[in-house]
Amino acid sequence: MSYGDLNETAVEKHREAGEILVEVMDEARELVEPGTTHLEVAESAEERIVELGGEPAFPVNISVDHEASHATPEADDETTFGEDDMVCLDIGVHVDGYIADAAVTVDFSGSDELVEAAEQALDAALDEVEAGAEVGVVGQAIEDVIDGYGYSPVLNLSGHGLERYDAHTGPTIPNRGMDRSAELQAGQVIAIEPFATDGSGKVGEGSHEQIFELQEERSVRDRAARQAMEQITSEFDGLPFAQRWLDSPRPAMALRRLKADGAITGYPVLQEDEGRLISQAEHSLIVTEDGYELLTGGLFE
């Protein structure tokens, strides 16, 4: 099996990250039940990643109902899962910077077909993957399956590449068909993540923002902001982090100052219209000359 320019060390560490992720995801989704807090699930998963020898590649995303991405609980968050929630769990793991990323949907709403649409779209997309395949063809497979269920793919969200210490790189893997698109190459590590919705198929930014990422290390005068900057640059390896991870005595204020200075960027929750539902299914894989090696196999069995 040819991995192009990806060396053996990188392959092995991506595999290890994927194995950790699958174990953590299996445990995390068992914790998702009505009455359990979002924070309990997020912190349990993040702690378990470390126990198994990895590090979180980004804060655990827990998106509910019309939310699609970038939702993670605050410190001391007491929000609990409801009896009719649709919950998307998106977890990333890295081992020495080599990342695996995956997502599953846990549904209490009774919308089984919406969950199935995303999962079947993911399977169809995988069938198209090999070196030389156009990403637009992969996207067309996703779109066709979700349309066939009577739902809409979320058109302004996409799959992506996974490079060392960077969880969102090229190539972009669309959730719809595209002409004249880029070709996959052997050795690329990618995440394919169909989103299916009973809404319009486009998400916008909400007002809630708990995930941030370093843009540029800067000197700041404010003590809390300076303390936050020291932790951000020393602990998070340039990867996204949650406000609740900071030890600063005034983390919200510190992050506002750093954001105003252009040192960090924030990721607002992405969401459909209120009252709509979104399901998600995601795998990570390595593209090979004649197909792919799945890093997160077993998630949907």
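Predicted model: local features only at pLDDT ≥ 70, side-chain atom pairs only at ≥ 80, totals over all residues.
**Exercise 1. Helix 5 against helix 6**

Task: Classify the packing of helix 5 and helix 6 by angle, and state which residues meet.

Solution. 
1. Two packed helices are described by the angle between their axes and by the distance between those axes.
2. For helix 5 (residues 223-235) and helix 6 (residues 251-260), the angle is about 80° and the axes are 8 Å apart.
3. Angles of 65 to 115 degrees count as roughly perpendicular, so helix 5 is roughly perpendicular to helix 6.
4. Helix 5 contributes Ala 224, Ala 225, Ala 228, Met 229 and Ile 232 to the contact. From helix 6 come Ala 254, Leu 255, Arg 257 and Leu 258.
5. By class, the residues of this contact are 8 nonpolar, no polar and 1 charged.

**Exercise 2. The sheet of strands 1, 3 and 4**

Task: Give the strand order and pairing of the open sheet, identify its edges, and describe the helices placed against its strands.

Solution. 
1. The open sheet has 3 strands in the order 1-3-4, and their pairing is antiparallel.
2. Strand 1 (55-64) and strand 4 (98-107) each have a single partner strand, so they stand at the edges and one side of each has no neighbour in the sheet.
3. Ignoring direction, neighbouring strands of this sheet are turned against each other by 10° on average.
4. Strand 1 and strand 3 (residues 86-95) run antiparallel and are joined by 7 bridges. Ser 63 has Cys 88 in strand 3 as its bridge partner.
5. Helix 1 (residues 8-31) packs on the sheet and touches strand 3 and strand 4. The direction of helix 1 makes about 20° with that of strand 4.
6. Helix 2 (residues 38-51) lies across strand 1 and strand 3, and runs at about 160° to strand 1.

**Exercise 3. His 160**

Task: Is His 160 buried or exposed, and with which side chain does the side chain of His 160 make a polar contact?

Solution. 
1. His 160 is located in strand 6 (residues 158-163).
2. The relative accessible area of His 160 is 3%. Buried means under 20%, so His 160 is buried.
3. The polar contact is with the side chain of Asp 101, at 3.3 Å.
4. Not counting residues up to four places away in sequence, His 160 touches a set of residues that includes His 168, Glu 193 and Glu 282, as well as Ile 173 and Val 189.

**Exercise 4. Ile 211**

Solution. 
1. Ile 211 belongs to strand 10 (residues 204-214).
2. Asp 76 is 135 residues from Ile 211 in sequence, and the C-alpha atoms of the two are 16 Å apart.

**Exercise 5. Lys 259**

Solution. 
1. Lys 259 is part of helix 6.
2. Beyond its neighbours within four places in sequence, Lys 259 is in contact with Glu 209, Ile 264 and Gly 266.
3. Ser 207 is 52 residues from Lys 259 along the chain, with 15 Å between their C-alpha atoms.

Technical notes
Residues numbered from 1 in each chain as written. Heavy atoms only, no water. Axes fitted to C-alpha atoms, helices over the stretch in contact; angles between N-to-C directions. Helix = DSSP H or I, 4+ residues; strand = E, 2+ residues; numbered from the N terminus. Parallel < 35°, antiparallel > 145°, perpendicular 65-115°, else oblique. Contact = heavy atoms within 4.5 Å. Nonpolar A, V, L, I, M, F, W, Y, C, P; charged D, E, K, R; others polar. Pairing = 2+ DSSP bridges. Buried < 20%, exposed > 50% of the residue type's maximum accessible area, 1.4 Å probe, protein only. Polar contact = N/O pair within 3.5 Å; in protein donor to acceptor, adjacent residues only side chain to side chain.
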